[in-house]
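Let's take a walk through this model, starting with its pockets and moving on to the core, the salt bridges and a few loop residues. Keep the viewer open as you read.

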Amino acid sequence: MIRGFYSGTSCVISQQTNLNTIANNIANVNTTAFKPQQAAFSALMYQSLYGGGGENNYIQTGHGVRVEKTGTDFNQGDLQNTNQPMDCAIMGDGFFAIENREDGSLTYSRDGSFKVSLDDSEAYLVNSAGNYVLDADGERIVVPETTTKKDSNGNTVTEGGFKASMVGVYTFPNQYSLEVIGGNQYRETEASGEAEAMETPAVKSGFLEGSRVQIAQELVKMIEASKGFSFGSKIVQTADEMEKIINQLR
């Protein structure tokens, strides 16, 4: 009966991880440019009964299931018009590069909710957390002061200010291997490869990318995961009851 305990327990643990992943997706249904995750499962090793190996022995028993990996859906979300000139949305693949203000570490995000922050008399472009947004050369972006003047024809001309072309967009050889670190950010890994700046990125100003989470799909997944969790719990309970009966027969 020990095998039943192990199989049932592995099911419960795996489905709990699945439920946690789904719950995190639902919690970020309104998070800008959020990319949902999905747990993938794999069966543990199978064992042939009665010694196995025989030509006519096809009876095998498994040892449960485990979460193989948690993948990320990087498909683009719907664009939302904000009419805010510093809001930026990436069209297609790519990430904004963010430099942490405190420790200088680099992370990547698709959240283009930008604003200006004064630092040592310079106006730097920062994200919603106050960290620096980088250009295509990996440098902090200084936003020049906006000025207006009249040209020779008497027309009003605006110079300076923020332009979407200032922002760098980076891609990776394997974006699916980026490390999810929370806060809607990703970190480069050895498997993802090094970040490369795009020469002609497609960045739309005045728009934000919406969350990729489809609430109806996530609710269906939650029902399936809950049923799986209940089934695993029932296996553990049944194995416990069978073990109890066997012990009473001794």
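A pocket here is found on a 1 Å grid over the protein atoms alone: it is an open set of points where a 1.4 Å probe fits, with protein on both sides within 12 Å along at least five of seven lines, and its lining residues have an atom within 4 Å of a point. Before we dig in, bear in mind that this is a predicted model, where local features need pLDDT of at least 70 and side-chain atom pairs count only at pLDDT 80 or more, while totals for chains, interfaces and linings use all residues. Residues are numbered from 1 along each chain as its sequence is written, and side-chain values use heavy atoms, with hydrogens and water left out.

So, to the largest pocket. Its lining is made of Asn24, Asn28, Thr31, Phe34, Lys35, Gln37, Val180, Gly182, Gly183, Asn184, Gln185 and Tyr186. Two elements give two or more residues to that lining, namely β15 (179–182) and β16 (185–187); strands are DSSP runs of E with at least two residues, helices are runs of H or I with at least four, and both are numbered from the N terminus. The volume comes to about 210 Å³, taken as the space filled by probe spheres set on the points, with grid points joined across faces, edges and corners. Sort the lining by class and you get three nonpolar, eight polar and one charged residues. In that scheme Ala, Val, Leu, Ile, Met, Phe, Trp, Tyr, Cys and Pro are nonpolar, Asp, Glu, Lys and Arg are charged, and the others, Gly among them, are polar.

The second largest pocket has a volume of about 180 Å³. Around it you'll find Gln37, Gln38, Ala39, Ala40, Lys69, Thr70, Gly71, Thr72, Tyr176, Ser177, Leu178 and Val180. Here β1 (37–43) and β4 (65–72) each supply at least two lining residues. The class count for this pocket is five nonpolar, six polar and one charged.

Now go back to Asn184 in the lining of the largest pocket. Asn184 sits in the loop between β15 and β16, and its phi is near 65°, a positive value in a residue other than glycine. Most residues other than glycine have a negative phi. Asn184 counts as buried at 13% relative accessibility, where buried means under 20% relative accessible area, exposed over 50% and partly exposed in between, using a 1.4 Å probe and protein chains only. Asn83 also has a positive phi, near 60°. This asparagine is in the loop between β5 (79–81) and β6 (88–90), but Asn83 is exposed, with a relative accessible area of 63%.

What about the nonpolar interior? A nonpolar core is a set of buried Ala, Val, Leu, Ile, Met, Phe, Trp, Tyr and Cys residues joined through side-chain atoms within 4.5 Å. The largest one has 14 residues, of which Cys88, Phe96, Phe114, Leu125, Val133, Phe162 and Val167 touch the most other members. The elements giving two or more residues to this core are β6 and β7 (95–99). Apart from it lies another core, of nine residues, including Phe95, Leu134, Tyr170 and Phe172. Click on Val167 to see its contacts (heavy atoms within 4.5 Å): leaving aside residues up to four places away in sequence, Val167 touches Phe96, Phe114, Leu125, Val133, Leu134, Asp135, Ile141 and Phe162.

How many salt bridges does the structure hold? There are eight, each being a side-chain nitrogen of Lys or Arg within 4 Å of a carboxyl oxygen of Asp or Glu. Take Glu209 and Lys35, whose closest N and O atoms are 2.4 Å apart. This pair links distant parts of the chain, with Glu209 in strand β19 (residues 207–209) and Lys35 in the loop between α1 (2–27) and β1, 174 residues apart. Glu209 is buried at 1% relative accessibility, and Lys35 is buried too, at 2%. Lys35, Arg110 and Glu209 are linked in a network of salt bridges.

Asp119 pairs with Arg101, the closest N and O atoms being 3.5 Å apart. Asp119 is in strand β9 (residues 115–119) and Arg101 in the loop between β7 and β8 (106–109), 18 residues apart. Asp119 is buried at 18%, whereas Arg101 is partly exposed at 35%. Finally, Glu179 bridges to Arg187 with closest N and O atoms 3.7 Å apart; Glu179 is partly exposed at 35%, and Arg187 is partly exposed at 36%.
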